Amino acid sequence: MRLVCAAWPGPGGSPALLPLLLLLLPPPLLLLSSCPGLVGAARRPNVLLLLTDDQDAELGGMTPLKKTKALIGEKGMTFSSAYVPSALCCPSRASILTGKYPHNHHVVNNTLEGNCSSRSWQKIQEPSTFPAILRSACGYQTFFAGKYLNEYGAPDAGGLEHVPLGWSYWYALEKNSKYYNYTLSINGRARKHGENYSVDYLTDVLANLSLDFLDYKSNSEPFFMMISTPAPHSPWTAAPQYQKAFQNVFAPRSKNFNIHGTNKHWLIRQAKTPMTNSSIQFLDDAFRRRWQTLLSVDDLVEKLVKRLDVTGELDNTYIFYTSDNGYHTGQFSLPIDKRQLYEFDIKVPLLVRGPGIRPNQTSKMLVSNIDLGPTILDLAGYDLNKTQMDGVSLLPILKGASNVTWRSDVLVEYQGEGRNVTDPTCPSLSPGVSQCFPDCVCEDAYNNTYACVRTLSSLWNLQYCEFDDQEVFVEVYNITADPDQITNIAKSIDPELLGKMNYRLMMLQSCSGPTCRTPGVFDPGYRFDLRLMFSNHGGSVRTRRFSKHPL
């Protein structure tokens with residue numbers, strides 16, 4: 001039954017309407033049989049997924065969140081090697097929802113043409129997202145609040161009236177992150193917000209809506225909540241009480257800060273080094289303001305944990321905290337953005353607490369956000385063999401299972417975006433670039449299209465990447481010896497290993513479901529057939545092909 005209401009909550013989420021909403025929802029118990037692992041269970045676990053926007057792990061992104069680290073990380077497990085399959089909002093969020101790599105869900109960028117919240121996405125992928133399965137097969141109440149996908153609400157894709165399958169309660173932001181002057185879809189009805197902090201500041205609005213849900217939801221069924229904050233995405237508008245925080249904080253001067261990207265892809269090499277004083281001042285200010293916005297996220301987490309504790313549900317609730325991608329501020333003289341293949345853009349925070357998870361743990365296991373969906377379905381008792389997901393459940397790691405056989409590599413892939421005309425801020429560069437700054441430093445281009453194998457094993461901490469350009473440019477980094485990824489060792493590494501990594505990349509780029517979980521190059525069960533690496537003409541190494549058409 002689709003919920004259509006004549007009225008909707010006020011900015012704080014009016015509690016008067018919520019009981020009415022609950023009455024209009026179909027009883028979730030009807031389809032419980034698809035989660036046989038839960039039959040007879042006294043209390044099925046609740047799940048809360050907190051998703052931030054552009055929060056890095058490498059450059060101190062978690063530093064401002066003292067309460068979050070104490071309430072989630074110190075009460076459970078922190079993953080030190082958590083990655084995203086694409087360093088861009090919409091493809092990464094699609095991977096969270098579907099449990100699939102971008103080449104399988106076909107969301108390649110933040111545009112409708114790139115399948116971001118397109119009609120095709122709605123028809124093909126949304127019915128099989130993990131929240132849809134939780135709702136239809138496991139009888140969970142499902143609640144969403146915040147940023148969904150960057151093109152959500154576009155008139156050409158159903159507008160704000162579209163409510164994706166699987167959501168009992170839907171409070172979704174129209175398009176990209178904002179803090180004021182935005183529109184929410186309230187179960188398919190538009191509601192505009194202004195710029196009054198007390199009623200409109202989006203992070204606080206999301207907190208209030210979430211607290212109201214916890215107060216007025218059904219107590220007879222478990223719940224899944226996904227809260228997706230705008231912070232710390234631009235325009236970096238902090239709450240008034242936090243606008244003077246971190247005045248003495250500056251972007252980290254890491255070893256790769258404000259240096260030339262030698263032996264890297266041309267897009268990195270074109271950045272001007274050293275950066276101008278105005279560029280450094282700009283990125284320092286952006287870094288500081290990003291941290292300021294996260295203080296409201298820290299408050300949100302504290303409020304939710306306290307409410308769960310008061311209602312007696314905290315001990316039966318798993319809480320996940322993560323981000324859709326990382327971020328950089330001055331690394332290799334790139335001012336600010338994401339999209340690149342380096343650790344600062346592809347590595348994200350991941351903290352988890354919940355029943356059976358021992359406190360104060362850190363896991364070095366290699367994980368990806370495609371694992372979140374399988375993990376949450378596993379917690380609900382759903383048979384993962386019924387899904388087409390590429391990821392794996394983290395439950396054995398979370399529960400401390402001994403002798404866990406785990407993956408040694410994950411795939412990272414990105415399809416570059418450009419403009420068909422010369423960028424006015426950068427007339428010296430040809431058409432095809434985008435995300436350019438006034439001093440003619442561009443952060444993206446059509447041929448900034450790459451795929452990487454990120455490997456982490458007992459012996460190797462390696463990243464191997466190929467670009468889809470005329471050079472078929474290759475970058476390889478030994479992260480153990482070179483954590484800042486300054487030295488590209490592609491021309492000095494063992495050619496046999498280079499060939500194996502090339503072959504492994506081809507396999508992952510064409511994988512689907514179980515084939516995405518085959519042994520990596522450094523796993524005991526790995527098999528490498530050298531004959532497959534050579535063409536019939538000339539014996540040159542065969543390279544993986546990138547998809548030119550997202551759909």
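Strand β19 (residues 461-467) is joined to β20 by five bridges, and the two run antiparallel. Strands here are DSSP E runs of at least two residues, helices are H or I runs of at least four, and both are numbered from the N terminus. Two strands pair if DSSP finds at least two bridges between them. I found E466 opposite V474 in β20.

I noted that this is a predicted model, where local features need pLDDT of at least 70 and side-chain atom pairs count only at pLDDT 80 or more, while totals for chains, interfaces and linings use all residues. Residues are numbered from 1 along each chain as its sequence is written, and side-chain values use heavy atoms, with hydrogens and water left out.

Next I looked up the sheet. It is open, with four antiparallel strands in the order β15-β18-β19-β20. β15 (409-414) and β20 (474-478) are at the edges with a single partner strand each, so one side of each has no neighbour in the sheet.

Then I turned to helices. α6 (residues 130-138) and α12 (residues 372-380) pack at about 15°, with axes 10 Å apart. Axes are lines fitted to C-alpha atoms, for helices over the stretch in contact, and angles run from 0 to 180 degrees between N-to-C directions. α6 and α12 are therefore roughly parallel (under 35 degrees; over 145 is roughly antiparallel, 65 to 115 roughly perpendicular, the rest oblique). In the contact (heavy atoms within 4.5 Å) I listed F130, I133, L134 and C138 of α6 with G373, I376, L377 and A380 of α12.
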